Amino acid sequence: MSRQRRWFDNPYPDYQSGVEQLPNLENVRKLAMEKVEQVFEKGSRDGDGGLYVGAVGCTYMFLHIMDKLTEQERVKLLPLAINAFQLQSVYFQQNPGNKTDEPAFLLGKAGHYAVGAVLGHITGNQQLTQECLQRFVAAANVCKPIDFFKAGGDELFVGRAGYLCGALWLQQKLGYQPVPREDLKLLWDTIIESGRRYSKQRKSLCPLMFSYYQTEYLGAAHGLTSILQILISFPAFLNENQEAAATIKATIDFYHTLQDPTGNFPCAMDETGPQSRHSDEMLVHWCHGAPGAIYLFAKAYQVYGEQKYLDACMKMGDLMWTRGLLRKGPGICHGVAGNGYVFLVLNQLLEGKDPKQLYRARKFAEFLDCAQFLKEARRPDCPYSLYEGWAGTVCYLMDLLQPLAAEFPFFNLHVN
């Protein structure tokens, strides 16, 4: 093949039953802690990009790993996390942006407000918590109009699905839901109506379809899979609207039919059927492909209990083992750590009863520190950020210490 493939060949033998092969967790933790200070030193200087690549993503990293830190480590790192949050605050003050930035969770202000609320909660700063919650709750009003963002207001990074994702995370971390129920339900209903309208307009085969900048994305970053995942994370709303619930289920089943023989999914509808990419060119990324789709089908398996959803997840796991060691870097969006999280999802779905999943997950961590990766992997644009770089990778490494409680940032499978 003339063009270099997007992934490294996996250098490790697969798990063999009865043979103790799990890599040393002490080495995993050591690598994580070596990177933490670099993240705060080099990754928290810029607020551009919000949670995705901005300073506040470094604050999130601290919140994600703090329960796995020693008291001495927490005391040392907390001021750095607070400083990163403050730098993000200054950035937004100096770059106020548009009104549509308010409800944007991963690329705008809503994610900053959510992190600030939790940061205030764990530090006892009630004023910070209340100010951030007030702004987060108010941001819902911006995205209530169905066409509030003409380029596509339903997806995860800047749209309604992201806002609802943030609301779920706040509920998880605060122990209560700060956003009024009627606001959540209105946004949930609006996503469905928006998807129906677009599908009807485009005569789509899929009951719900969405576009982002005129592309019908399917992956977790801007597309269908994360929207559906968020929709089924509100079981009370599903129970209250059987018609909407049936439409969502039919859309999930349509998306399920798009899984190819390797276990992957196309990144957009214009890459389905005769226009499909060659399997060697398929994107095996969280943002576009199976590593993001697994969260939808894991949640669908929990909600509906159908074996086909678990089978789809298992195929994705095998795909990660063969094609998941990406050359694009360590990160969780399109890197090794994001693909390693697939094994942690499977470990949770299988209730820790399949040691192969933890073996594979730890081997991906081991690869992050091997000579080939350090020499040949590409350097991301933001190498210490939450989604592209080491901040998110640290979350993955530390999650290996408590795998049954592991959580890809903001994609929690444990609560509704």
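Trainee: In this predicted model, are Y295 and F411 buried or exposed?
Mentor: Buried is the word for a relative accessible area under 20%, and exposed for one over 50%. On that scale Y295 and F411 have one and the same label. Y295 is buried, and F411 is also buried.

Trainee: What kind of aromatic pair do Y295 and F411 make?
Mentor: The structure holds 38 aromatic pairs. For Y295 and F411, the ring centres are 5.3 Å apart and the planes stand at 70°. Planes over 60 degrees apart fall in one class, so this pair is edge-to-face.

Trainee: How many residues apart in sequence are the parts that this pair of Y295 and F411 ties together?
Mentor: Y295 belongs to helix α12, residues 290-304. F411 is in the segment after α17 (390-399). The pair therefore joins parts whose separation in sequence is 116 residues.

Trainee: Which class does the aromatic pair of Y304 and Y309 fall into?
Mentor: The centre-to-centre distance for Y304 and Y309 is 6.2 Å, and the angle between the planes is 50°. Under 30 degrees would be stacked and over 60 edge-to-face.

Trainee: How many residues of helix α3 are buried?
Mentor: Helix α3 covers residues 55-65 and is largely enclosed by the rest of the structure. Among its buried residues are C58, Y60, F62 and H64. The count of buried residues in α3 is 11 of 11.

Trainee: How many disulfides does the structure have?
Mentor: A disulfide needs two cysteine sulfur atoms within 2.5 Å. C395, which is buried at 0% relative accessibility, has its nearest cysteine sulfur, that of C58, 10.0 Å away. For the structure, the count of disulfides is zero.

Trainee: Which residues does W390 touch, leaving out those up to four places away in sequence?
Mentor: W390 is in helix α17. Its relative accessibility is 9%, so W390 counts as buried. The residues touched by W390 are K35, V39, P330, L368, P383, Y384, S385 and L397.

Trainee: What is the distance in space from W390 to Y301, C-alpha to C-alpha?
Mentor: In sequence, W390 and Y301 are 89 residues apart. In space, their C-alpha to C-alpha distance is 31 Å.

Trainee: What is the phi of Y213?
Mentor: Most residues other than glycine have a negative phi. Y213 is in the loop between α8 (181-202) and α9 (224-231), and it counts as exposed at 53% relative accessibility. Although not a glycine, Y213 has a positive phi of about 50°.

Trainee: And what phi does E351 have?
Mentor: E351 sits in the loop between α14 (336-349) and α15 (355-367). E351 is exposed, its relative accessible area being 54%. E351 is not a glycine, yet its phi is positive, at about 55°.

Notes:
Residues numbered from 1 in each chain as written. Predicted model: local features only at pLDDT ≥ 70, side-chain atom pairs only at ≥ 80, totals over all residues. Heavy atoms only, no water. Helix = DSSP H or I, 4+ residues; strand = E, 2+ residues; numbered from the N terminus. Buried < 20%, exposed > 50% of the residue type's maximum accessible area, 1.4 Å probe, protein only. Phe/Tyr/Trp six-rings, centres within 6.5 Å; stacked < 30°, edge-to-face > 60°. Contact = heavy atoms within 4.5 Å.
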